[in-house]
Structures are given as structure tokens and as C-alpha cells.
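Okay, thanks for coming, everyone.

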Amino acid sequence: MLEHGGRLRRAAHHYRIPLADWLDLSTGINPCAYPLPSIPEAAWQRLPEEDDGLERAAAAYYGSAELLPVAGSQAAIQALPALIPGARVSLLAPSYAEHAHAWRLRQPRLYAAHTLEAAIDSSDVVVLVHPNNPTGVRFERDQLLDWHARLAQRGGWLIIDEAFIDSDPPAGSASLAAVAGRPGLVVLRSLGKFFGLAGARVGFVLAPAPLRLQLADLLGPWTVSGPARHVAQTALADRAWQQAARQRLAADSQRLAQVLQAAGLGTPSGPALFQSLDHAQAEALHDALARHGILTRLFAADAHGPARLRFGLPPDENGWLRLQRALDSLPEALLSNPISAPLLP
Ligand SMILES: Cc1ncc(COP(=O)(O)O)c(C=O)c1O
């Protein structure tokens, strides 16, 4: 199993700080989640059925009916390599590590965002995360469409993981969800991030019908539970909540970037739901903040990038205050941020 954010119990044990006293900034999950509707008893008691309205609500939200609900986009990330052929697999790096893990048997080549263009014509499958986690890198819509066309005309595939795109207008306008159904294109979406419903385990695969059928067959019946389907349907249809959440997240993300910058930590980058900071002393910073009961996500330096720290959004004013106080108390020696190394291909 790979390392993920959100492992609060482990941090509580390690730092001997009670679970309830932590400020968890280690994920990119919206801390102000969609408020749960009451769930009809039948959703618990009956087997889930496809015509309950979830697919319709999702089609209206994503702008395409070429979709399959899955138990979190993670379920699709793991299943796709079994269904998509091609020996030459290229992945964006650094990125959400589960993609490289899922494709590991095909020994994928890893490309930094600015070198990915060079991989397109020599690849059968290209996988990227847009906007990227943890770097926040975005791509142009025309470029993505061009990459897809070049891959598809040779029978290749472009897989775009749009888990963080819902609350990121610049990337959102480059989403390929609405053109899903074209041969050779897969778009993955998640209800875990923007809607803050990570525990419900609901995501969508937008892809051509033959691939969706194969995927549905592989994953089996009733993969998304009745209660999760009900909550997801309600959240996807609630435009007023979505609009308010987008505004709030945009303001909070700007505030987070300012707080980190004002603390002397350099210039962070990221979509609305998190800010990432390349920092030579990321590990020491992570540890210093954890001693204040603030959990961030640490990414060690590797061949694809420098060490970095990812900060999610505080849920409330108390959280902002705690973060500010912890940053104010960091020793000067931890604040210098000499990273200037370019990403390696
Ligand atoms: C980029 C990215 N894609 C997909 C996932 C999986 O999300 P879920 O399975 O909750 O939809 C994550 C989770 O952290 C992620 O960061």
C-alpha cells in the first residue's frame, strides 16, 4: 500500500497528541464538505439500482452521459491497466503515486509536465493528473485535445485524472469531461475532493461505451452503495452549494498562499484545494508543524522533483489561527527556502 495523506491516527500515536487535537491539513479534501441529506431507508435496505437518478445527475454535472459510477476514482485507477492495451506507457511525474503503481508491470516512463509533449508520439498510453497533485501544474485544453487526437489516431489512449478540477476554474475550462465518449479518451472524476465526500467512495469514469462495459464487468455489480449513490446524486444536483463552495475555496486558497508566503516559506502553488511548497527543509518543517498538532503532507525529494510540503485548507477560523501561530513560531533556520532546482524529466 502506498503512502497517503489523512493518516491522522498514525500521527497522533507518533507525536503523542490526542486525535481530537489535530488540525489535519494533509489532504486536499474540502474541509467544508457537502452537508449530508437524510438518507431514505430503502437506500440502506435495497440493492442499488442504476435508474435511481445518479447517472442523470452526473451527466448534467459533467456535461456528458458517457459515464460509469465507481467506488471512488481509485477503483478505476487500479482497474484500467487490465483493460487498456499498449506496451509504451508514459506518466506525468511527480504525481498521484497510485497511477505509477497501477501501471508498474508495464514499466512506465515518467515525464515532468514540460517534457510530456515529447512522449506523445512514442506512447500507447499517456496518463496525467489535471490539475496535478501535488505540483498544481495545469495544461491547456488545446494541448490536451491535440495529445488525445495524436494518440487516438494510432489506437492509443489519453487518461486524464481530473480529481481536483471541480474547484479550479483555470483547469476546469480545460476539462475534457464533456467530450468523453471519443475513442481513446478516459476522464476520471472524484466526489472525494471538491464535495468533501472522500469517505463515501464515489467517482466516475467518463469513457467510450465499450471500455465502460468492460470496466463494469470487471468491477462487478453494486460497486457504489445505495446511501453513497443517494448522497452523490443530491450533491451533484445542488448548484447553489457548488457555487458557494467554489467561491469559498477560491478565497481560502488565496488566503493560504498568502499566509505561507508571508511566513517566509516561498511561493506555493496549487489548485483551490491545496497549496504545495517546494522546500529544502520540507521534512523538518513537517515535523515542526506536527509538534504543534498540524499534519501536512510531506513528499520526499526524488528524481522527479525536490522535497515538498502540501497544505490543505483549514476548516475554520480556529484552524487558520492555529496555522498562523505555528508558522510564527518556526525557527528562522527553517524558513530559508533555497530550492531552485528544475524538475527532471
Ligand atoms: C489525483 C488523485 N486522483 C484520484 C484520487 C482517488 O480519489 P477517490 O478514489 O477518492 O475518488 C486521489 C486521492 O487522493 C488523487 O489525489
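I'll go through confidence, then the ligand, then a salt bridge and a few backbone details.

So, first thing to keep in mind: this is a predicted model. The mean pLDDT of the chain is 95, and 97% of its residues reach 70 or more. There is one stretch to flag, though. Over residues 340–345 the pLDDT is below 50, and that stretch still has 14 contacts in the model beyond near neighbours in sequence.

Okay, the ligand. What surrounds it? We've got 13 residues around the ligand, and the closest are Ser73, Asp161, Ser190, Lys193 and Arg201. If you sort that shell by class, you get 5 nonpolar, 5 polar and 3 charged residues. As for where the shell comes from, helix 4, residues 73–79, gives the largest share, with 3 residues.

Lys193 has a side-chain N or O atom 2.7 Å from an oxygen atom of the ligand. For Arg201 there's also a side-chain N or O atom at 2.7 Å from a ligand oxygen. With Gln74 we're looking at the backbone: one of its N or O atoms lies 2.9 Å from an oxygen atom of the ligand. And is the ligand buried or exposed? Taken alone it exposes 400 Å², and the protein buries 92% of that.

On to salt bridges. The count comes to 15, and I'll pick out one of them. Asp121 pairs with Arg150, and their closest N and O atoms are 3.0 Å apart. Why show you that pair? Well, Asp121 sits in the loop between strand 4 (109–111) and strand 5 (125–129), while Arg150 is in helix 6 (residues 141–152), so the bridge ties together parts that are 29 residues apart in sequence.

As a reminder, most peptide bonds are trans, and most residues other than glycine have a negative phi. Here, Ala93 and Pro94 are joined by a cis peptide bond, with omega about -5 degrees. You'll find Pro94 in the loop between strand 3 (89–92) and helix 5 (97–102). The bond from Asn133 to Pro134 is cis too, omega near 10 degrees, and Pro134 is in the loop between strand 5 and helix 6. Then there's Gln107, which isn't glycine but has a positive phi, near 45 degrees. Gln107 is in the loop between helix 5 and strand 4.

Last stop, Ala102, in helix 5. What does Ala102 touch, leaving aside neighbours within four places in sequence? Ile77, Gln78 and Pro81. Ala282, on the other hand, is 180 residues from Ala102 in sequence and 27 Å from it in space, C-alpha to C-alpha.

That's my tour, so over to you.

Note on methods: Residues numbered from 1 in each chain as written. Predicted model: local features only at pLDDT ≥ 70, side-chain atom pairs only at ≥ 80, totals over all residues. Heavy atoms only, no water. Near = heavy atom within 4 Å. Polar contact = N/O pair within 3.5 Å; in protein donor to acceptor, adjacent residues only side chain to side chain. Areas by Shrake-Rupley, 256 points an atom, 1.4 Å probe, with all protein chains shown as cover. Helix = DSSP H or I, 4+ residues; strand = E, 2+ residues; numbered from the N terminus. Nonpolar A, V, L, I, M, F, W, Y, C, P; charged D, E, K, R; others polar. pLDDT = per-residue confidence, 0-100. Contact = heavy atoms within 4.5 Å. Salt bridge = Lys/Arg side-chain N within 4 Å of Asp/Glu carboxyl O.
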